[in-house]
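Here is a short tour to read alongside the model.

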Amino acid sequence: MDSRIVVVANRLPVRWADDRWETSPGGLVRALVPILNERRGAWVGWGGVAGETMEPFGHDGIDQIPVALSEEDLEDFYFGFCNGTLWPLYHDAVVTPDFHRHWWRAYERVNRRYAEAVAEVIDPDGIAWVQDYQLQLAPQYIRDLAPRTKIGFYLHIPFPPVELFSRLPWRTDILRGLASADVVAFQTRRSAENFIRCVRRYLGGVPQGQGTIDVGGRLVRVQRAPIGIDVDEFHQLAASPEIQAKAARLREDLGKPDKLILGVDRLDYTKGIDVRLKAVDTLLAWSAEHADRYEFVQVAVPTRESVPAYQELRERVEGMVGRINGEYARPGWSPIHYLHRSLPLEDLVTYYVAADIMLVTPLRDGMNLVAKEYVASRIDHDGVLILSEFAGAAGQLHNGALLVNPFDIQGLADTIHSALTMKSEERLARMRKLRRCVARQNVFWW
Ligand code: GDG
């Protein structure tokens with residue numbers, strides 16, 4: 001097929017729904033499809049059905065190259081090593097990572113399979129663009145199979161500090177995998193620095209200045225490249241009369257609150273949904289007599305439901321929602337409107353348009369696109385973004401957002417209170433700064 005650019009990611013950017021392929025929702029896909037559309041691009045990834053082997057096919061102007069994963073691969077590679085070991089370890093070990101040798105063996109095996117699929121379709125001088133923590137060994141395997149390939153690697157999640165990364169029994173293998181790329185890029189400067197420190201310690205890398213490091217005689221470029229969003233897409237949706245009308249109706253259906261506070265996250269323990277609920281609880285306790293002027297909406301998108309830590313989180317979050325609603329609800333009003341489902345993009349934007357305050361409070365997050373999408377959807381230039389200082393997005397949005405430490409419940413409750421009472425001039429001034437930043441550093445800039 002001789003593709004000039006091959007994106008390699010855990011999943012293909014499409015899924016099978018109602019007898020046809022459709023483009024999947026999500027930040028990564030929205031970021032890369034436009035770029036591949038402009039060139040002769042291919043995408044290597046899992047097709048989404050365990051045990052199924054599929055032939056390559058075209059969709060969205062992209063050659064889709066499916067990689068087969070068995071039930072066992074999925075269990076040990078995806079739910080095991082990726083989401084039971086790497087995900088928690090790379091997010092400051094907010095949940096204790098599990099280390100199992102059979103998970104690691106599956107990680108090696110599956111990474112090799114992705115690399116083989118790349119080698120089959122790539123032009124000898126093509127570019128392979130490997131995405132994310134599931135495929136950190138792929139650069140090395142691709143280099144073995146197709147030595148002339150230019151290889152870029154992008155990590156969407158944080159790269160941890162050396163003190164945490166050192167726990168990984170296979171730390172040297174992972175670093176060797178990553179350092180086989182020509183360019184290794186991260187969401188934040190901090191992640192890039194963490195990576196360089198690890199490469200120095202475990203591979204004897206020698207920094208050469210200007211973001212390059214010499215690893216055994218090969219120069220590797222290490223970059224910060226914070227991901228952006230397709231701002232126009234959100235702008236257009238938010239500006240459409242249908243969505244404006246739906247947003248107004250939504251506020252009415254929610255009992256016309258003075259202020260609508262919104263959270264939108266995958267139901268993941270890194271996102272700080274539970275700390276957010278504690279802060280809302282604190283706030284309600286302070287002002288129980290006029291609490292019904294506010295409404296807190298939490299969209300919790302189901303994710304990784306077979307991993308025990310995610311099942312526990314769901315139980316905890318839903319227990320808290322039930323308890324808080326049970327305590328404060330009155331006829332016709334309850335403080336928390338909780339949705340455990342994925343919404344069509346139009347509905348998501350409707351919530352962004354309807355919300356006065358957006359709560360983005362991860363304990364650790366690579367970037368957080370929801371924060372940027374909210375800003376891009378605020379075409380009235382109003383609205384307040386409360387943003388965790390542990391989200392990569394804080395590095396770009398610190399001027400306009402209200403930054404919070406999500407571990408400080410009292411501080412978070414105080415900040416929500418400041419947002420609720422903020423004067424309109426300050427809201428508009430802050431939102432203008434945010435919108436300028438999100439528009440400038442958009443997905444095409446990335
Ligand atoms: C990883 C990193 C990094 C959410 N709910 C619905 C929905 N979404 C979309 C959002 C957004 C995306 O999913 C979530 O992106 P985030 O960035 O917030 O978080 P992760 O999923 O953890 O993504 C993260 C990102 O990769 C990109 O590099 O920013 O740090 O963890 O685009 O809009 N979309 C629809 N319905 C929903 O209910 N349609």
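## Ground rules

This is a predicted model, in which local features need pLDDT of at least 70, side-chain atom pairs count only at pLDDT 80 or more, and totals for chains, interfaces and linings use all residues. Residues are numbered from 1 along each chain as its sequence is written, and side-chain values use heavy atoms, with hydrogens and water left out.

## Around the ligand

Let us begin with the ligand. The shell around the ligand holds 23 residues, and His156, Leu343, Asp365, Leu369 and Glu373 come nearest (a residue is near a molecule if one of its heavy atoms lies within 4 Å of it). By class, twelve of the shell residues are nonpolar, six polar and five charged; here Ala, Val, Leu, Ile, Met, Phe, Trp, Tyr, Cys and Pro count as nonpolar, Asp, Glu, Lys and Arg as charged, and the others, Gly among them, as polar.

A polar side-chain atom of Asp365 is 2.5 Å from a ligand oxygen, a backbone N or O atom of Leu369 is 2.7 Å from one, and a polar backbone atom of Met367 is 2.8 Å from one. Taken alone, the ligand exposes 730 Å², and the protein buries 90% of that (areas come from the Shrake-Rupley method with a 1.4 Å probe; for residues, only the protein chains shown count as cover). Helix 1 (27–38), strand 13 (259–266), helix 12 (345–354) and helix 13 each give two or more residues to the shell. Helices (H or I, at least four residues) and strands (E, at least two) are DSSP runs, numbered from the N terminus.

## Helix 13

Which helix gives the most to the shell around the ligand? Helix 13 does, with three residues. This helix spans residues 369–377, and nine of its nine residues are buried, Leu369 and Glu373 among them. Buried means under 20% relative accessible area, exposed over 50%, and partly exposed in between (1.4 Å probe, protein chains only).

At the start of helix 13, a side-chain oxygen of Asn368 comes to within 3.1 Å of the backbone nitrogen of Val370.

## Cavities

The count comes to two cavities of 30 Å³ or more. A cavity is a set of points, on a 1 Å grid over the protein atoms alone, where a 1.4 Å probe fits but cannot get out; lining residues have an atom within 4 Å of a point. Grid points are joined across faces, edges and corners, and a volume is the space filled by probe spheres set on the points.

The largest cavity has about 90 Å³ of space. Its lining includes Ile261, Tyr294 and Trp333, and divides into nine nonpolar residues, one polar and one charged. Helix 10 (273–286) and strand 14 (294–301) give two or more residues to this lining.

Arg276 sits in helix 10 and counts as buried because its relative accessibility is 0%. Its side chain makes a polar contact with the side chain of Asp265 (2.7 Å); such a contact is a pair of N or O atoms within 3.5 Å, and within protein one must be able to donate a hydrogen and the other to accept it, while residues adjacent in sequence count only if both atoms are side-chain atoms.

Arg304 has a positive phi near 40°, and His381 has one of about 60°. Arg304 lies in the loop between strand 14 and helix 11 (308–328) and is buried at 12% relative accessible area. His381 lies in the loop between helix 13 and strand 17 (384–388) and is partly exposed at 31%.

Note on methods
1 Å grid on protein atoms, 1.4 Å probe; cavity = no way out; pocket = protein on both sides within 12 Å on 5 of 7 lines; lining within 4 Å.
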